[in-house]
Structures are given as structure tokens and as C-alpha cells.
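Visitor: I would like to go through this structure with you, one topic at a time. Could we begin once it is on the screen?

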Amino acid sequence: MTNTYIVADDNTGEAVVIDPADDGAQISGEITKQNWHLAGIWLTHAHFDHLGGAAELADLSSPPPPVALHPDDIPLWRIEGGAAFFGMKIDPGPEPTIELKNGQELHIGEYKFQVLHAPGHTRGHVMFYNRDEAILFCGDVIFQGSIGRTDLPGGDFDTLIDSIRRQVMALPDDTRLLSGHGPQTTVGQERIYNPFLR
Ligand SMILES: [Zn+2]
Ligand SMILES: [Zn+2]
């Protein structure tokens, strides 16, 4: 029930997987089919349902791609993303080696992404923003008509609302929001219809 995104530059063949939620073999198969090569795994945050496919995906990739995560979510990553909390057990995959920070610039081929730190759902939650394409991979910060839950360890409602106002609502209305769960939406649509932002 979690969205995984494969983002690629078709000219260079470089691909990045954002939140390999599950079934690393399927994700790897799709990348191979497109003749892309996996240059990285970017995690919006360390909840287990966003990285359950990372281990298998990395095993099937050579060389194994570096994993990027905000340091404030490393403690959560170390307890397998809270899987035990839900009675599950996962292999979180390769240890993150890219420490994300707010304002950092990342690349997928020619495409530029800015890291936006947006705590509240978890402490180290980040979003990936491409201004030229008007796309924000926003993880579990905001959904169509809803926002991320804040009742899990590290969650805080006021912090999340503040993150949304500063880091999401400051973006142009036509920015597409690609969330960790559910369908895509836009900043403008959520500005009008999201009941948590009234
Ligand atoms: Zn989450
Ligand atoms: Zn989630």
C-alpha cells in the first residue's frame, strides 16, 4: 500500500528509486527492462513500509547503490523502521551512506533535486523537489485530502503542520505532489481542499 517511485534520466540511463517499499525483484526487473542503471536509493523516511524492498533491490544491483537518508531517521532505520511495532520483521538493506540535509542538491542524470527537511511524521523526514519539472516527492508529509500520521514514535502534529506550511505550501500551486500513499495531487488543490490546512 506504499508508493515506490523509479525516477530516471532517459538520456543518461541513470535511475534512482525513491522508497523501495517492497518486492525489490520487481523494482529491479523494471529498471533492467528499461535499460537503466540504479544509481541510488533515496528514502523519504525510515518507516519499514518505505524500505522493505531495499535489501533485495540492492542485492540484485551491481554495484549495490548507495542509500540516502536524513541522519535524524537513522535511529528509526536501526530498529528496522519500527517493523516490530506492527509485528513484522524486515531486512532494512545496506546502511545509508549519504546523509541528507535541508537544501542539499541531488542529481539523477541531468535532473536536479533539492532536499527539503520536513519533520513531524518522523524526525528525519525529507522530501525531494524538482523545480524545473514542478514535482515534489513528499513521502508521508501530505496526501490527497490528508496528512501524515503523528502518533508513532518521533511524530508531532504541530511540527508536521509547520513543515507543510513552510516546505510544501510555499511552492507554486501547479507543483505535483507524489505521496507515499494514495494518488497524486497538487499544492494548489491541497491549499483549497485539505481539511488539515484550513
Ligand atoms: Zn511513514
Ligand atoms: Zn508510509
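Guide: A word on terms comes first: strands are DSSP runs of E with at least two residues, and they are numbered from the N terminus. Ile-142 lies in strand 10. Please keep in mind that this is a predicted model.

Visitor: Is Ile-142 buried or exposed?

Guide: Ile-142 counts as buried, because its relative accessibility is 0%.

Visitor: How far is Ile-142 from Glu-190, C-alpha to C-alpha?

Guide: Their C-alpha atoms are separated by 8.8 Å, and the two residues are 48 residues apart along the chain.

Visitor: And what is that separation for Asn-35 and Leu-76?

Guide: For that pair, the C-alpha atoms are separated by 34 Å, with the residues 41 residues apart along the chain.

Visitor: Let us turn to the metals. Which residues coordinate the zinc ion (ligand 2)?

Guide: The donors come from His-50 through NE2, Asp-140 through OD and His-181 through NE2, at 2.0 to 2.1 Å. Along the chain, they follow the spacing H-x89-D-x40-H.

Visitor: Where do His-50 and Asp-140 sit in the chain?

Guide: This pair links distant parts of the chain, 90 residues apart. His-50 is in the loop between strand 3 (37–42) and helix 2, while Asp-140 is in the loop between strand 9 (135–139) and strand 10 (142–143). Both residues are buried.

Visitor: What does Asp-140 bridge?

Guide: Asp-140 bridges the zinc ion (ligand 2) and the zinc ion (ligand 1), and these two ions lie 3.3 Å apart.

Visitor: Now salt bridges. How many does a search of the whole structure find?

Guide: The search finds six salt bridges. One of them joins the side chains of Glu-30 and Lys-33, with an N to O distance of 3.5 Å.

Visitor: Why are Glu-30 and Lys-33 separated by about one helical turn?

Guide: They are three residues apart in helix 1 (residues 24–33), so about one helical turn lies between them. Glu-30 is partly exposed, with a relative accessible area of 29%, whereas Lys-33 counts as exposed at 62% relative accessibility.

Visitor: Which residue does Glu-95 meet in a salt bridge?

Guide: The side chain of Glu-95 meets that of Arg-78, at 3.0 Å from N to O. Glu-95 is in the loop between helix 3 and strand 5, and Arg-78 is in helix 3, 17 residues apart. Glu-95 counts as partly exposed at 42% relative accessibility, and Arg-78 counts as exposed at 51%.

Visitor: And what about Arg-191, which partner does it have?

Guide: Arg-191 forms a salt bridge with Asp-173, and the closest N and O atoms are 2.8 Å apart. This pair links distant parts of the chain, 18 residues apart: Arg-191 is in helix 5 (residues 187–193), and Asp-173 is in the loop between helix 4 (157–168) and strand 12 (176–179). Arg-191 is partly exposed, with a relative accessible area of 37%; Asp-173 is partly exposed too, at 42%.

Visitor: On to the surface. Which residues gather in the patch of negative charge?

Guide: Asp-22, Asp-23, Glu-56, Asp-59 and Asp-91 gather there. Glu-56 is placed in helix 2 (residues 54–59) and is partly exposed, with a relative accessible area of 37%.

Visitor: Which residues make the nonpolar surface patch?

Guide: Phe-85, Phe-86 and Met-88 make that patch, which covers about 330 Å². Phe-86 is in the loop between helix 3 (74–78) and strand 5 (98–99), and it is partly exposed, with a relative accessible area of 40%.

Visitor: Last, the backbone. Which residues does the cis peptide bond join?

Guide: The cis peptide bond joins Ser-62 and Pro-63, with omega at about -5 degrees. Pro-63 lies in the loop between helix 2 and strand 4 (67–69).

Visitor: What is phi for Asn-35?

Guide: Asn-35 has a positive phi of about 65 degrees, although it is not a glycine. Asn-35 is in the loop between helix 1 and strand 3 and counts as exposed at 69% relative accessibility.

Visitor: And what is phi of Ala-134?

Guide: Phi of Ala-134 is near 55 degrees, a positive value in a residue other than glycine. Ala-134 is found in the loop between strand 8 (126–130) and strand 9. At 15% relative accessibility, Ala-134 counts as buried, since the cut-off for buried is under 20%.

Definitions and conventions: Residues are numbered from 1 along each chain as its sequence is written. Chains are lettered from A and ligands numbered from 1 in the order in which they are written. This is a predicted model: local features need pLDDT of at least 70, side-chain atom pairs count only at pLDDT 80 or more; totals for chains, interfaces and linings use all residues. Side-chain values use heavy atoms; hydrogens and water are left out. Patches are made of residues with over 30% relative accessible area and no salt bridge: like charges are joined within 9 Å, nonpolar side chains (Val, Leu, Ile, Met, Phe, Trp, Tyr) within 5 Å. Accessible areas come from the Shrake-Rupley method with a 1.4 Å probe; for residues, only the protein chains shown count as cover. A salt bridge is a side-chain nitrogen of Lys or Arg within 4 Å of a carboxyl oxygen of Asp or Glu. Lys and Arg count as positive and Asp and Glu as negative; His and the chain ends are not counted. The place of a charge is taken as NZ of Lys, CZ of Arg, CG of Asp or CD of Glu. Helices (H or I, at least four residues) and strands (E, at least two) are DSSP runs, numbered from the N terminus. Buried means under 20% relative accessible area, exposed over 50%, partly exposed in between (1.4 Å probe, protein chains only). Donors are N, O and S atoms within 2.8 Å of the metal (3.2 Å for Na, K and Ca); water is not among the atoms, so sites may look incomplete.
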